[in-house]
Amino acid sequence: MWQSLSKNAKIIIVTMTIFVGIILFSMFRDSSEMIDKRKAMNIINNQKIEKAFIAKPYLYIYTKEKTYKVPKEAVDLDKLFDKTIVEYKDDSSDDIDILMLIFMVGFTLYIISMIKENQRRENQFIDEQREEASNALSVQNILPQISRVNFSDVAGIEDVKEELEEIIDFLKNPDKYINFNVRLPKGVLLVGPPGVGKTLIAKAVAGEANVPFFYQSAASFVQIYVGMGAKRVSELFNRAKQMAPSIIFIDEIDAVGKSRGGFSNDERDATLNQLLTEMDGFEESSGVMVIAATNKIDVLDEALLRAGRFDRRVHISLPDFKERVCTLKLYLKDKNNSVDIDRVAQMTIGFNTAALETLVNEAALYALRKNKTIIENSDIEAVKDKVLLGKHKIQSFDEEEKKIQALYQSAKAVTASWLEIDYEKIGILSSNFIPKNSEILSKTALENELKVLLAGRVATQQAYGELFTNAKEDIKKAKILSQQIIEEFAMADEYFSSSVHIETLLHDATLEVKSLLSKLDIAVSRVRDYLLENETITPKETKKILDEIF
Ligand code: ADP
């Protein structure tokens, strides 16, 4: 039981025991013999007294042999005065009380200071432990990995690989670039949905360049002790610089890099500021390449996207048909199978690469359970739904939905190409327009962007006489953009405008898109067919189709 008590409780118990002991001792320390009136008078009369004093409620009588005490009222004090010297110490007990009080106060203060000291030591101990733990954590996390992943392990995303070739070359031969005085980006931002291989490709860059790879999830920056995020960022950069050329990979950078507008979070802000400082602080020639991944570029703080930071962006979309074929081939390569890869690729629209890997693995397990020696299409079909349910957010379109979506995206691709707006690739599943980096944009440029956002909705409405929910994201963007045009940039005739102006702008843009699309309808249906077959289209291919018609 004693062990289970806290240190403070132990101190209190020990000191209280000592305290009580002292009081008891002082009470019983009085060794004088209590005598009655008769005996006292006898001693007094016999002149045996050496000294006497009164300490209420007793009269103490000292003789050569012994000390006696008698209640003071019992003695005739006058008589005593005649016979001996009496020290009248009637108030001496008050002195003792005061002394006792001082002693007690002092003692209490002493105990309090002991407890405080003890607490201080305990806190110091906790702080030390905490420091130790966080050091252990950070040291553990800032150990680089040696990547054995190569580009051959990454299926599809050929365009992404191409874009990163230069970075690999830079990491391999930094001197070549430094001597030529070329500035390479310090940071590359990989933008795309989960499970498409953002981490894998960063590892492959490290593997190809044969440089150390520092992995850091941005979410973990802010999850540890308060104040640690910023410290870890600087530790991470220090280690990477020591081991340069090297790669720092920051996963889910939006966890710290979210735009600071609205709610503020001190911890996250401090971490983000440290990250910005570090990125500004090192030279391009230091040989550290920062690769970050996010699936939400639109929520990122603008400071991160500014020149000299993550100014190179690479979009990775969900794998299209051809990419799914490549991925399935890669995963089935070493497995005994008779799978019709094209067919499986067709039925897995919306799957990300990670889900395709799971699909092949589950099918192999399924075949094994059935005691088969070869994986067949039926095994894939048998586990497909399970994989679909297990993974989040897999958009799986049926044939009719695919047609609607192909038309929708085709109208956007054709409009964008016609209006000479750049985009990376437009597909049934997504469209990535390259965000404009120009500082000054014209009203016409903004209105053209607005038209692209409305084109899909207009085209499907014309073809089906119906509105569909797939326009949701583009409508949201169109509303924001039109609001900016009218309110922020005051591009209507009035400076102070109302929602009527925004509505008019959207209405007029819709009418213009209608007339534009009626002119481009052949191109739209060709691109739609192309999309149904290939799922994605590049600006170059769209231009080619347009050039064939016009
Ligand atoms: P992200 O970082 O985009 O969320 P990951 O790189 O973590 O995706 O991918 C998860 C897993 O899916 C990887 O470990 C890998 O096995 C598989 N994978 C994803 N993309 C690819 C790809 N392009 N080629 C091969 N495997 C991939």
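Of the 550 residues in the chain, 43% are buried in this predicted model. The secondary structure consists of 22 helices and 13 strands. Among contacts in the chain with a separation of 6 or more, 74% are accounted for by residues 24 or more positions apart.

Helix H15 spans residues 353-369 and contains 17 residues. The distance from its first C-alpha to its last is 24 Å, close to the 24 Å expected at 1.5 Å a residue. Buried positions in H15 are Thr353, Ala355, Leu356, Leu359, Val360, Glu362, Ala363, Ala364 and Ala367. At the start of the helix, a side-chain oxygen of Asn352 comes to within 3.3 Å of the backbone nitrogen of Ala354. H15 is followed by Asn371, which has a positive phi, near 55 degrees.

Side chains of opposite charge can pair when their charged atoms come close. The structure holds 22 salt bridges. One of them joins Glu278 and Lys241, with the closest N and O atoms 4.0 Å apart. Glu278 belongs to helix H11 (residues 266-281) and Lys241 to helix H9 (residues 228-242), so this pair ties together parts that are 37 residues apart in sequence. Glu278 counts as buried because its relative accessibility is 10%, under the 20% limit. Lys241, with a relative accessible area of 34%, is partly exposed.

A salt bridge is also formed by the side chains of Glu323 and Lys425, at 3.7 Å from N to O. This pair links distant parts of the chain, as Glu323 lies in helix H13 (residues 321-332) and Lys425 in strand E11 (residues 423-427), 102 residues apart. Both Glu323 and Lys425 are buried.

The salt bridge between Lys443 and Glu447 has its closest N and O atoms 4.0 Å apart. Lys443 and Glu447 are four residues apart in helix H18 (residues 443-464), so about one helical turn separates them. Lys443 counts as partly exposed at 36% relative accessibility, and Glu447 counts as partly exposed at 23%. A network of salt bridges links Lys372, Glu376 and Asp379.

Terms used. Residues numbered from 1 in each chain as written. Predicted model: local features only at pLDDT ≥ 70, side-chain atom pairs only at ≥ 80, totals over all residues. Heavy atoms only, no water. Helix = DSSP H or I, 4+ residues; strand = E, 2+ residues; numbered from the N terminus. Expected span 1.5 Å × (residues − 1). Buried < 20%, exposed > 50% of the residue type's maximum accessible area, 1.4 Å probe, protein only. Polar contact = N/O pair within 3.5 Å; in protein donor to acceptor, adjacent residues only side chain to side chain. Contact = heavy atoms within 4.5 Å.
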